[in-house]
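Please keep the sequence and the model in view while reading.

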Amino acid sequence: MIKIDPNALKSEYAFENSGLKTNKTIYWNLTSEALAEESLKRGEGNITHGGALCVETGKLTGRAPNDRFFVETEETKNTLWWHKGNKGISEENFEKLFKKAQKYVEDKDLFVRDAYVGAAKNSRLAIRVINEYAWHNIFARNMFIEPSKEEITKIVPEFTVVFLPGLKADPATDGTASETAIEINFKKKMVIIAGSAYAGESKKSIFTVMNYLLPQKGIMTMHCSANVGDKGDSAVFFGLSGTGKTTLSADPHRGLIGDDEHGWDAEGVFNFEGGCYAKVIKLSKEAEPQIYSTTQRFGTLLENVVFDPNTRTLDLDDATLTENTRASYPLTFIDNAVPGAKGPHPKNIIFLTYDAFGVLPPLSKLSKEQAMYHFISGYTAKVAGTEKGVKEPQTTFSTCFGGPFMALHPSTYAHLLKERIEKYNVNCWLVNTGLVGGPYGIGTRISIKHTRALLNAALHGKLDNVKFVKDDVFGFEIPTECEGVDASILQPANTWKDKEEYYKKYKELAAAFVKNFEKFKEGCSQDILDAAPKIA
């Protein structure tokens, strides 16, 4: 039997520099093949039809936002955007958890990965991920950018992620909310993840780190997907999980830059990641062939996906474990992925929203001021499964379409985006991928076929000569026609049986926008404030 050499790609930057030590084996930068063998040997997962490794994350099948903390230091006290979602924890309590981590790993095999975050070399972040589970190291290999063999031995990590699902925090002594803890320490340049096996915590923690570091250097950070046409017409898609970022950016006729986390610097848009982390519940081969194909091959990691134990055939419609089933795979698994994961300055910005009320149009065009208003507002719905405790869509406002990951005040990101919209004359669109014909329980989700037709028309300039009508409440412009789309759905009131109820719900949503924006009035220019819905 061929044995794995755990030191084959060992970094010269010693493991002990992290402050951790183990008496067992440290596996350095293993390939996905070697990691899959280790995962199977340890009983962490199963191989499914086609070769993908399928794992379960246990009781937590989504992020645990109430368990995420920032360590309070002299620097972060003055720079971080402190609010109920960005909670602080003392340096003393962080050290208590770190000491527990030191003790916990003493008799554990560990899997270490050195990688980059950010495709732009002048601003990329070198990181080290230390995993208790082999499959988590596959996730890290898929999601972060792999250095060359020459680079990997020389990397000096600027941030370290310590991911230990079996380590439990104690609220009574560690200052946490539960046994789960995600603690980000900018002074120590470390993230500790304890009490959760949900892999997304590691990538979102590092995204949050980038959202803190890069804007302070004048680089826009975005919770968005991005793609580019053959004429160099980049587009970015803002939106939370479940709104269609991954699905809509995976267009076979456009090059994929990335599906979730990006920066925008003086040269253009660049991906933070080396892979995609797509929701796969009810994934269809017909509607989403590119993403579907990734679920049928080795190298893909499937989270909480149900499969037949005999045939190993996947059942992507089965939500027994969670609605938040996921596939993690390298960008190279997408045929039209853009080499280098970078693109020119965008010509179009799309704000995606899952409207649980079912009152917003499938597509509308925004003025520059309206774009800033909607960016800061970040209206959508939390979709079932993406967060602990969310069982059905809940209307919410997520600042900058990524509130949980925004470490600085929203005005920082808004100012950077406004600068770029003005400088590069970007078209801005609001796209509802949610409901039509009524609210949740009555309405149905807008057909992805219609959404794609509307988006393609916008991206290719096919709406330039179409008549638009101005909405009386929100002020945005709605097209009256679009090739391949039934004109009746362009005005959502037409899809409701009870028109009176529609206008009631529409005004309720407008009022919710106005109320939510109260906290952002200070620091916003008058033209942005004037872009608010008119509910008089």
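Both Y27 and F111 are buried, where buried means under 20% relative accessible area, exposed over 50% and partly exposed in between (1.4 Å probe, protein chains only). This is a predicted model, in which local features need pLDDT of at least 70 and side-chain atom pairs count only at pLDDT 80 or more, while totals for chains, interfaces and linings use all residues. Residues are numbered from 1 along each chain as its sequence is written, and side-chain values use heavy atoms, with hydrogens and water left out.

Rings of Phe, Tyr and Trp (its six-membered ring) pair if their centres lie within 6.5 Å; planes under 30 degrees apart count as stacked, over 60 as edge-to-face and the rest as tilted. The ring centres of Y27 and F111 are 5.0 Å apart and their planes stand at 15°, so this pair is stacked. Because Y27 belongs to strand β1 (residues 26-28) and F111 to strand β6 (residues 110-117), the pair ties together parts that are 84 residues apart in sequence. Helices (H or I, at least four residues) and strands (E, at least two) are DSSP runs, numbered from the N terminus.

For F207 and F272, the ring centres are 6.1 Å apart and the planes are at 55°, so the pair is tilted. This pair also links distant parts of the chain, with F207 in helix α7 (residues 200-213) and F272 in the loop between β15 (269-271) and β16 (275-279), 65 residues apart. F207 counts as buried because its relative accessibility is 0%, and F272 counts as buried at 0% as well. Elsewhere, one aromatic cluster is formed by Y373, Y379, F397, F474, F476, W496, Y502, Y503, Y506, F513, F517 and F520.

Two individual residues may be considered next. S18 lies in the segment before β1 and is buried, with a relative accessible area of 10%. Leaving aside neighbours within four places in sequence, S18 is in contact (heavy atoms within 4.5 Å) with F98, I130 and M190. S18 and I130 are 112 residues apart in sequence, yet 9.4 Å apart in space, C-alpha to C-alpha. N93, in helix α3 (residues 91-105), is buried with a relative accessible area of 15%. With neighbours within four places in sequence again set aside, N93 is in contact with T173, D174, G175 and E183.

On a 1 Å grid over the protein atoms alone, a cavity is a set of points where a 1.4 Å probe fits but cannot get out, and a pocket is an open set with protein on both sides within 12 Å along at least five of seven lines; lining residues have an atom within 4 Å of a point. Grid points are joined across faces, edges and corners, and a volume is the space filled by probe spheres set on the points. There are four cavities of 30 Å³ or more, and the largest cavity holds about 50 Å³. Helix α12 (residues 448-459) gives the most to its lining, with four residues.
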